[in-house]
Amino acid sequence: MEIQEKEREQEEQKREARKQRRRASQWAARGILLFAILAVLGLGVFAYLSLRRWVSQKIDELNGCDLGTPPTAFMESVQQSQAALPEESLVAPETVAEETEDSPSPEEQLDAVIGEIISGMTLEEKVAGLFWLKPTSFVGASRVVRAGEMTQKALAQHAIGGLLYDKAQVEGAEQLKTMLSQTDSYAKYPLFLGMREYGIQGSALVKAGLLEAQTLPATEEEAYARGKAIGEAMAQAGLGANLAPLAELSAAEWAYGTDPQTVSALVAAQIRGQKESGISSVVGLFPGAAAEDAAEEGGRPLLSKTLEEWQASDALPFAAAIAAGAEAVVVSHAAVPAIAGDNTPASMSKRVVTDLLRKEMGFAGVILTQELDAEAVAQYYGADEAAIMAIRAGCDMLLCPEDFPKAYQGVLGAIEAGTISLERVEDSLYRIYRIKFREKLESGE
């Protein structure tokens, strides 16, 4: 699977254009705020009120995203600001100028809103937003089935990017819905509320009574229906992201098998079903299944295929998943020496994450590490070292580090020392928030 040089150059040009547009949108947003000040001081109240109404509408547009809905605390601050204005000031004058050809497009408007959200974050909030954690390790409890004072306090202290639930946090449908709704209400910024749901017997949503256990689909139609059913159950519970389907070539009961063509078709169909239900698909484990029994000394899984062998097999389901609209990809900790050039875990290899997945395969979404508390990482690296290496390799989010405070402080220190640039972190946050607010992009609102 080779990408022609011309296609690669076009992709680089598109990526640079998106970056330039984002910077332009951020400056445009600041220019709008400056214009508002000038309007109040010298151009008259009507111009200001028109602008205030436009800004208010843009904030209101954020309300309603299933995965990126602004949480209660965030929206209450907006409503309080509006309530402080005189009632007549919320009505636009009749002489509002019509849109011109220079008016920002819906995507540019959303870029500006996301840019303003990120620019308004503290450094600590930006770093915390890169972490996707288990609720137990986040709140410091052995079991979490409610969202109370401990959850509220933890989210106030660290504005993390997401929480990953499993069946241990599930007692029933209403309990799950209440816990997730309450958790979301405590967050200052939108959260990824995710789960790894395969729809098989014993899974979390089957346990909750929100989903019937299903056999492994054999056709694209069945895989699509399975994705739609899983997505609807997740949406009903209040979840927004499924860390499935598995795009590996695997004989596991929750995987689609080992034939590249079959797996590609079924994975893509399930993603389409989940997408129609409003659920983001997070596929893994890139770059493919690694053999435990072929591991290097010390127990790290090893993917021993050559680049050409990988391109003809394991790469195909991931390419199909990306084409079908997968919003995120999880990179494994397997050693892939034929691709990476050494035995560095794939999740910490720039050649795998940035050069192969981001550039060669053209993936523009969010890239996550596999769980960083896995033995393949914890045995070799400290929590801070692993987090820093993963971000420098090109990962956007850090999934379940062994020691969150240590990993968090490590990334903070790396930014302050210049090892990781702030722009690099903000690029990741931008990709994260485009998923959280993706509904507005797709609807064109």
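**Salt bridges and helix packing**

Reply: A search of the whole structure, which is a predicted model, finds 15 salt bridges. In general, side chains of opposite charge can pair when their charged atoms come close.

Me: Which residue forms a salt bridge with Asp111?

Reply: Asp111 pairs with Arg434, and the closest N and O atoms are 2.8 Å apart. Asp111 belongs to helix H4 (residues 106–119) and Arg434 to helix H19 (residues 422–436), so the pair ties together parts that are 323 residues apart in sequence.

Me: Is Asp111 buried or exposed?

Reply: Asp111 counts as buried because its relative accessibility is 0%. Arg434, at 19%, also counts as buried, since the cut-off for buried is under 20%.

Me: What salt bridge does Lys134 form?

Reply: The side chain of Lys134 meets that of Asp373, at 2.9 Å from N to O. These two residues lie 239 residues apart and link distant parts of the chain. Lys134 is partly exposed, with a relative accessible area of 30%, and Asp373 is partly exposed at 31%.

Me: Which residues of H17 and H18 meet?

Reply: Ala383, Asp384, Ala387, Ile388 and Ile391 in H17 meet Lys406, Ala407, Gly410, Val411 and Ala414 in H18. By class, this contact has seven nonpolar, one polar and two charged residues.

Terms used
Residues numbered from 1 in each chain as written. Predicted model: local features only at pLDDT ≥ 70, side-chain atom pairs only at ≥ 80, totals over all residues. Heavy atoms only, no water. Contact = heavy atoms within 4.5 Å. Helix = DSSP H or I, 4+ residues; strand = E, 2+ residues; numbered from the N terminus. Nonpolar A, V, L, I, M, F, W, Y, C, P; charged D, E, K, R; others polar. Salt bridge = Lys/Arg side-chain N within 4 Å of Asp/Glu carboxyl O. Buried < 20%, exposed > 50% of the residue type's maximum accessible area, 1.4 Å probe, protein only.
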